[in-house]
Amino acid sequence: MTHHLADSAAPTGTGESASATPHGTAPAAPRASAGPAAAEGRTGWWRDAVIYQVYPRSFADGNGDGMGDLEGVRRRLPYLRDLGVDAVWLSPFYASPQADAGYDVADYRATDPMFGTLHDADAVIREAHALGLRVIVDLVPNHCSDRHDWFRQALREGPGSPIRDRFHFRPGKGPGGELPPNDWESVFGGPAWTRTKNPDGTPGDWYLHLFAPEQPDFNWEHPAVHDEFRSILRFWLDMGTDGFRIDVAHGLVKADGLPDTGHGEQLKLLGNQVLPFFDQDGVHEIYRSWRKVLDEYAGERIGVAEAWTPSADRTALYLRPDELHQAFNFHYLGAGWDAAELRTAVDESLDAMRPVGAPTTWVLSNHDVVRHTTRYADGDPERGLRRARAAALLMLALPGSAYVYQGEELGLPEVTDLPDEARQDPSFFQENGQDGLRDGCRVPIPWSGTEAPYGFGPEPGGPSWLPQPDEWARLSVEAQTGDPASTLELYRSALALRREHPALGRGDAVEWLDAPEGVLAFRRTAQGPDGAAGFVCTVNTTGGPARLPAPGRVLLSSDGAVVEGGEAVLPADTAVWWTV
């Protein structure tokens with residue numbers, strides 16, 4: 001069962017903070033705890049936490065320049081408190097040339113001016129804690145920006161510079177070194193290598209970048225890289241952050257000798273086998289070292305792996321007791337809207353995490369994938385929303401921790417018709433990489449009003465870095481607040497029930513019940529203050545109504561359910577929560 005760190009009776013609404021008082025400088029000494037509730041004695045908060053992902057540039061614009069920022073995040077924190085989440089995960093806001101939306105970091109200890117200052121980051125952390133919310137920040141250890149001081153020095157000093165050993169510089173193949181050192185492909189398309197020029201202007205060595213050319217990969221065989229990132233961890237832990245989401249956690253270590261894969265379209269192989277540049281066993285020693293740093297701090301600070309692996313069992317290796325605390329469940333995210341497929345994903349996920357004692361996580365959308373409202377639509381937006389609502393109740397009923405991507409609580413669909421000139425996803429401009437359409441899930445979310453940017457910025461009619469659809473006016477926080485049929489109120493109700501019902505939240509198993517084909521039904525039980533408490537979740541994934549014995553009293557339904565004479569009728573693509 002999830003709990004807030006602090007209780008509040010603030011009214012539900014768009015979440016605009018009344019306070020605009022800036023905080024002073026970032027603290028120089030470590031904070032004793034990471035949130036006001038550390039003294040409550042609750043342990044393992046992450047085991048059932050609902051964590052809300054904020055993509056800062058698209059969440060809220062505090063200064064009216066059309067780009068979301070930390071001040072905008074700070075002002076909207078009461079909304080997240082009232083929504084009922086436990087923690088906020090902030091995507092990167094570090095100093096960056098923004099070649100890949102901040103995942104190309106030039107300075108890990110500075111805030112990019114487009115998002116504000118280090119004082120603004122401190123204010124977000126402090127105010128979140130005051131509201132009972134924990135804060136997780138993104139960390140990007142696989143690669144940095146080509147504007148990072150180390151990389152600029154490596155280019156400036158040329159071959160033989162010891163700084164080059166902190167990256168992967170290699171001579172090319174061919175008579176004049178004109179070919180890349182191996183056949184590795186960039187996730188964003190094209191070769192994973194770019195050739196440099198020597199200080200005298202002649203063609204030089206190549207450097208490895210598994211993503212954009214502006215994102216050179218660190219060489220994690222070099223001790224200076226280890227030392228630097230332990231220092232970065234402590235910098236943000238001293239600021240009071242409650243943990244880190246680790247970007248490309250599977251990519252830090254490369255196979256000895258950087259061998260060829262012998263295959264094209266390598267990204268498609270990721271789900272089937274361990275590649276020489278991903279999910280190498282050497283990454284685990286890094287995370288054991290990081291766990292020691294996290295454990296130095298009070299308040300239960302955590303590490304969350306973004307680890308794309310061939311199986312749930314491989315993901316579980318990142319979560320052994322001396323490594324990280326959570327990992328994103330991409331196997332579940334990739335499951336289709338099919339009862340058998342979803343049940344298999346649930347069982348495999350729970351079975352894989354149980355031996356290492358880690359909680360399973362559940363996620364439907366994030367900043368890198370098509371929003372599930374559109375993924376589930378099969379060309380019919382109404383069907384997509386209906387399934388997305390049901391999927392939310394299924395996700396929040398499962399044991400473990402859940403992630404909510406900003407705007408999914410509003411039922412936002414993917415924006416599929418952005419003009420080419422508005423796109424900023426680097427893979428959009430490459431070939432043979434990702435589809436280049438990640439901008440569609442990153443469109444700024446609507447807060448209020450009837451015209452764009454729908455309260456995203458402080459002024460009506462102000463700018464927005466990506467255009468918002470006209471129909472989003474009816475999907476805004478303001479439009480949905482108080483409407484019992486809205487997706488926003490469904491999320492608020494579900495999150496409130498998840499906190500209150502003893503059988504929801506923590507756990508490592510579900511009891512599957514007999515159900516008609518295409519229907520999922522499972523029971524969970526727990527001891528509550530009044531004795532044993534039972535809960536059942538039923539999900540109809542078919543396109544027509546399904547009948548089954550009513551397992552109890554309806555707590556919440558995504559799209560209505562009829563109970564007649566002990567029989568329940570679930571409409572198509574509907575989930576129902578029952579108390580038993």
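This is a predicted model: local features need pLDDT of at least 70, side-chain atom pairs count only at pLDDT 80 or more; totals for chains, interfaces and linings use all residues.
**Entry 1**

I started with the holes, and the structure holds 5 cavities of 30 Å³ or more. A cavity here is a set of points on a 1 Å grid over the protein atoms alone where a 1.4 Å probe fits but cannot get out. Grid points are joined across faces, edges and corners, and a volume is the space filled by probe spheres set on the points.

Residues are numbered from 1 along each chain as its sequence is written, and side-chain values use heavy atoms, with hydrogens and water left out.

I looked up its lining, meaning residues with an atom within 4 Å of a point, and found Ala312, Thr315, Leu319, Ala327, Phe328, Asn329, His331, Ser349, Met353, Pro359, Thr360 and Thr361. Element names come from DSSP runs numbered from the N terminus, with helices (H or I) of at least four residues and strands (E) of at least two.

What kinds of residues line the largest cavity? I got 6 nonpolar, 6 polar and no charged. In this scheme Ala, Val, Leu, Ile, Met, Phe, Trp, Tyr, Cys and Pro count as nonpolar, Asp, Glu, Lys and Arg as charged, and the others, Gly among them, as polar.

Next I checked the second largest pocket, with a volume of about 640 Å³. A pocket is an open set with protein on both sides within 12 Å along at least five of seven lines. Of the 30 residues lining the second largest pocket, Thr373, Pro381, Leu385, Gly411 and Arg474 are the closest to its centre. α10 (372–375), α11 (381–397) and α12 (477–480) each give two or more residues to that lining, and the largest share, 5 residues, comes from α11. The lining of this pocket divides into 11 nonpolar, 9 polar and 10 charged residues.

**Entry 1: the greasy middle**

A nonpolar core is a set of buried Ala, Val, Leu, Ile, Met, Phe, Trp, Tyr and Cys residues joined through side-chain atoms within 4.5 Å. Buried means under 20% relative accessible area, exposed over 50%, and partly exposed in between (1.4 Å probe, protein chains only). The largest core has 131 residues, and Tyr52, Leu80, Tyr287, Tyr332 and Trp577 touch the most other members. α11 turns up again, giving the largest share of this core, 8 residues. Another core, of 16 residues, lies apart from it, with Trp193, Leu210, Phe211 and Leu269 among them.

I then clicked on Leu333, which lies in helix α8 (residues 330–333). Leu333 counts as buried at 9% relative accessibility. Leaving aside neighbours within four places in sequence, Leu333 is in contact (heavy atoms within 4.5 Å) with Val363, Leu364, Ser365, Asn366, Val369 and Arg375.

How far apart are the end C-alpha atoms of helix α13 (residues 487–500)? They are 20 Å apart, which agrees with the 20 Å that its 14 residues should span at 1.5 Å a residue. The expected span is 1.5 Å times one less than the number of residues. I also saw that 10 of the 14 residues of α13 are buried, so the helix is largely enclosed by the rest of the structure.

Helix α3 (residues 118–130) has 13 residues that should span 18 Å, and its end C-alpha atoms are 18 Å apart. Its buried residues include Ala121, Val124 and His129, and the buried residues of α3 pack against α2 (70–83), β2 (87–90), β4 (107–111), β5 (134–139) and α5 (223–238).

Last, I looked at some loops. A cis peptide bond joins Ala452 and Pro453, with omega about 10°, and Pro453 sits in the loop between β13 (401–405) and α12. Tyr454 is in the loop between β13 and α12, and its phi is near 55°, a positive value in a residue other than glycine. Is Tyr454 buried or exposed? Tyr454 is buried, with a relative accessible area of 2%.
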